[in-house]
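Open your viewer and keep the selection tool at hand.

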Amino acid sequence: MKKLSARRRHPLAAVVVLLLALAATGGLYAAFAPAKQAQADETSQSLAIEEGKKLYTVGCASCHGTGGQGSSDGPSLVGVGSAAVDFQVGTGRMPAQQPGAQVPKKKVIYSQKEIDQLAAYVASLGAGPITPTKQQYDPAGADAAKGGELFRTNCAQCHNFTGEGGALTHGKSAPSLEGVDPKHIYEAMQTGPQNMPSFPDTTMPEQQKKDIIAYVKAVNGDETESPGGLKLGGLGPVSEGLFAWIFGLGALIAVAVWVAAHTAKAKKS
Amino acid sequence: MSTTTATEKTKRQAPAGERVADWADGRLGIYSLAKANMRKIFPDHWSFMLGEICLYSFIILILTGVYLTLFFHPSMNEVEYHGSYVPLQGVLMSEAYASTLDISFDVRGGLLIRQIHHWAALIFVAAMLVHMMRVFFTGAFRKPREVNWVFGFLLLVLGMFTGFTGYSLPDDLLSGTGVRFMQGAVLSMPVVGTYLSMFLFGGEFPGGDFVARFYSIHILLLPGIMLGLVVAHLILVFYHKHTQFAGPGKTNTNVVGMPLLPVYMAKAGGFFFLVFGLITIVAAIASINPIWALGPYRPDQVSTGAQPDWYMGFSEGLIRVMPGWEINFAGHTLVLGVFVPLMIFPLVLVAIAVYPFIESWVTGDKREHHLLDRPRNAPTRTAFGVAWLTWYFVLLVGGGNDLWATHFHLSINAITWFVRIAFFVGPVIAFIITKRICLGLQRRDAEKVLHGRESGVIKRLPHGEFVEVHAPLDQADLHKLTAHEQYAPAEIGPEVDENGVRRKVKRSEKLRAKLSKGYYGEGNQIPKPTAEEYKEITSGHGHH
């Protein structure tokens with residue numbers, strides 16, 4: 001011990017102690033690291049929540065309150081879940097441009113990473129529907145015919161036969177489903193955004209949601225064909241009537257004028 | 001040698017055409033008929049061809065309709081679909097719907113024929129309305145053509161209902177909703193409503209009968225009546241001879257135009273093919289009633305944007321804007337929200353149908369009229385017509401209020417309120433504005449007759465004044481602008497007879513005098529220039 005105490009004040013003593021301390025820390029870390037894997041993940045989750053909160057404070061808090069408790073300008077976000085955030089922000093509806101009957105969809109201003117962070121923060125406020133995985137919403141292999149029946153029973157009242165959209169009261173409307181991401185259709189059913197009722201898994205199981213998405217994609221997707229020709233908006237008799245008047249009867253009257261103008265002249269030159 | 005044989009042959013035998021004609025004449029006696037009518041004259045004007053559009057689209061409807069009946073199964077038996085359209089495979093539906101899908105996807109040319117049939121139907125009714133407006137605004141409905149006006153009106157109404165029963169046949173979700181709507185209207189009738197509904201549908205809605213019943217109404221009953229009316233309509237046109245616009249040499253007692261054969265026949269025949277061709281082009285490029293996208297009818301399902309075809313749109317408007325009032329009396333419900341529109345529905349149509357009779361009563365004119373009015377020269381009639389069209393259009397807006405809302409970013413409630421107010425106010429405003437415009441045009445005509453046409457040439461007079469040179473109209477134009485006659489308002493006559501005793505004036509007589517004043521009184525028509533005025537102004541004093 002004497003030797004040790006004698007060298008206590010050696011110029012290199014501090015270096016040695018530091019090395020020893022580092023070795024001990026490293027050794028301990030090496031020993032406990034596998035067990036702490038999960039905890040490391042949670043750190044990234046809490047990081048996402050942390051980041052999400054920052055984004056939230058800048059973009060959302062003015063209406064939804066600093067803690068997501070809501071205000072006179074926006075509803076509480078406690079318990080809406082990450083799916084609601086992914087839908088509202090992912091379709092550009094949120095952040096809203098202005099108050100009104102309904103917040104329309106517009107250009108998305110957050111990146112998907114930022115949306116996930118926001119979703120993580122809002123999800124941390126209270127349990128709610130979780131953002132679906134691709135496996136949940138991918139319509140591949142689902143039954144479009146069954147989806148059609150479900151669509152006509154549950155969705156067509158507002159969204160029209162093939163999801164072209166329709167009017168609701170006082171300036172509100174059910175949007176067109178053309179070109180909407182299957183994930184967002186799924187989330188909309190799950191969370192019931194704005195004026196839409198929600199269809200949680202208890203009333204509409206995952207498979208049925210998939211069937212509905214398959215139907216929407218079959219009749220109003222990118223590859224949908226219109227066997228009869230121009231779709232005329234898919235809006236039914238009103239647009240057909242307009243077309244018949246303008247292009248049908250209009251053209252016929254133009255032809256009549258032409259025929260009447262080209263006649264055998266009786267006497268006059 | 002050969003020449004002689006040829007002459008011998010002609011001597012022995014008349015040409016084939018003549019022989020056929022002779023054979024037919026010997027049995028049908030058509031020579032005198034043809035001789036009398038082949039040179040029948042028809043005047044030329046594009047608006048006289050609107051009726052032809054109706055006739056030809058009606059023929060197209062019959063031709064394509066016959067083809068469709070070959071493949072359509074008017075049955076409500078439930079079947080499972082296994083045809084070509086994938087998004088409906090395995091869905092339960094009526095045989096009517098399934099066979100319409102088959103016509104659309106599995107019958108050769110079926111979809112095109114279906115679309116021609118449906119587009120032709122929309123155009124048919126639209127053309128009838130426009131044709132009717134032409135007759136209305138030019139006063140062609142006056143004596144002796146009132147009966148033909150009524151025939152035409154009946155054709156319009158029957159056309160509407162033939163259309164309704166026709167688009168209801170496929171038993172799809174859209175038309176099924178329309179049939180449900182109709183059943184609701186039937187139910188709203190007090191006392192008889194429920195019985196009538198049960199009778200129509202053979203039990204509770206939708207039952208298993210209505211497609212078959214609508215089928216025979218659509219392909220047999222209504223078109224049969226319509227065909228008869230069309231023939232009667234044409235016979236009367238032939239009998240009355242066609243009306244014409246006033247012009248040099250055109251009087252109330254002659255018809256100036258082209259003979260039926262060959263000119264008019266060639267034109268009309270050619271026009272038929274043009275109409276058929278154009279409707280086929282429309283049907284080939286634009287989809288109509290894509291029933292596969294609508295799904296089969298089920299009473300528990302409904303879609304937004306459920307409107308009838310355009311000609312029933314005004315009834316949809318009536319029901320959409322009517323407040324949902326109802327009266328409960330002694331355990332019975334009177335659904336005014338549906339019953340009132342049901343009662344106004346025929347009124348909208350009858351309002352225009354009875355107009356000719358009202359006008360002839362007001363004018364007291366019993367003479368025949370074969371010369372057409374220019375709409376401006378009958379301001380009150382024109383104003384009534386425009387008011388009616390405004391009324392009709394306002395109701396169409398009400399019927400499509402949801403699409404107005406989504407496409408113009410408006411509140412559907414605001415549109416509904418607009419329609420409710422415009423239903424009463426719109427026609428009045430349209431009436432006033434139209435009458436003012438007509439009177440303005442009459443003034444301009446008078447001005448033109450007296451002072452000539454503005455030539456655009458500016459002349460500077462020696463003392464520095466600038467004037468525009470007016471070019472006098474030629475004789476034909478002068479005739480056109482002054483050919484119309486102007487009525488004097490009907491007077492009630494002296495209220496006391498020659499002995500000083502008060503005469504009893506009937507209330508209807510007073511009303512008539514009042515209306516007549518509204519038609520022809522001071523300020524309701526601009527007196528047309530007289531020959532004296534014209535002479536005075538053109539007798540060398542120069543003009544401006």
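Predicted model: local features only at pLDDT ≥ 70, side-chain atom pairs only at ≥ 80, totals over all residues.

**Stop 1: two domains in chain A**

Where they meet, 13 residues of domain 1 of chain A and 13 residues of domain 2 of chain A take part in the contact. On the domain 1 side, you will find 6 nonpolar, 5 polar and 2 charged residues.

Select 47-126 of chain A and you have a span that is 49% helix and 0% strand, with its end C-alpha atoms 18 Å apart. Residues 142-220 of chain A are 51% helix and 5% strand, and here the end C-alpha atoms lie 16 Å apart.

**Stop 2: the nonpolar cores**

Next, show the side chains of A:Leu118, A:Val122, A:Ile213, A:Tyr215 and A:Val216. These have the most contacts inside the largest nonpolar core, a set of 96 residues. Chain B belongs in this picture too: its helix H16 (residues 379-399) gives the most to this core, with 9 residues.

Zoom in on A:Tyr215. Which residues does A:Tyr215 touch, leaving out those up to four places away in sequence? They are A:Ala144, A:Gly147, A:Gly148, A:Phe151 and, from the other chain, B:Pro87.

For a second, separate core, pick B:Ala127, B:Phe151, B:Ile279 and B:Trp310, which are among its 59 residues.

**Stop 3: where chain A touches chain B**

Display both chains together: 51 residues of chain A are in contact with 59 residues of chain B. On chain A, highlight helix H8 (144-154), helix H9 (156-159), strand S1 (166-167), helix H11 (206-220) and helix H12 (237-261), each of which supplies at least two residues to this side. The largest share, 17 residues, comes from H12(A). Colour the chain A side by residue class and you get 28 nonpolar, 19 polar and 4 charged residues.

**Last stop: residues 242-261 of chain A**

Finally, select 242-261 of chain A, which the unreviewed UniProt entry annotates as "transmembrane region". The span is 100% helix and 0% strand, and 27 Å lie between its end C-alpha atoms.

Technical notes: Residues numbered from 1 in each chain as written. Chains lettered and ligands numbered in written order. Contact = placed C-beta atoms within 7 Å. Helix = DSSP H or I, 4+ residues; strand = E, 2+ residues; numbered from the N terminus. Nonpolar A, V, L, I, M, F, W, Y, C, P; charged D, E, K, R; others polar. Core = buried A, V, L, I, M, F, W, Y, C linked by C-beta atoms within 7 Å. Buried ≥ 20, exposed ≤ 12 C-beta atoms within 10 Å, placed from the backbone. UniProt positions renumbered as here; feature names shortened; annotations may be inferred.
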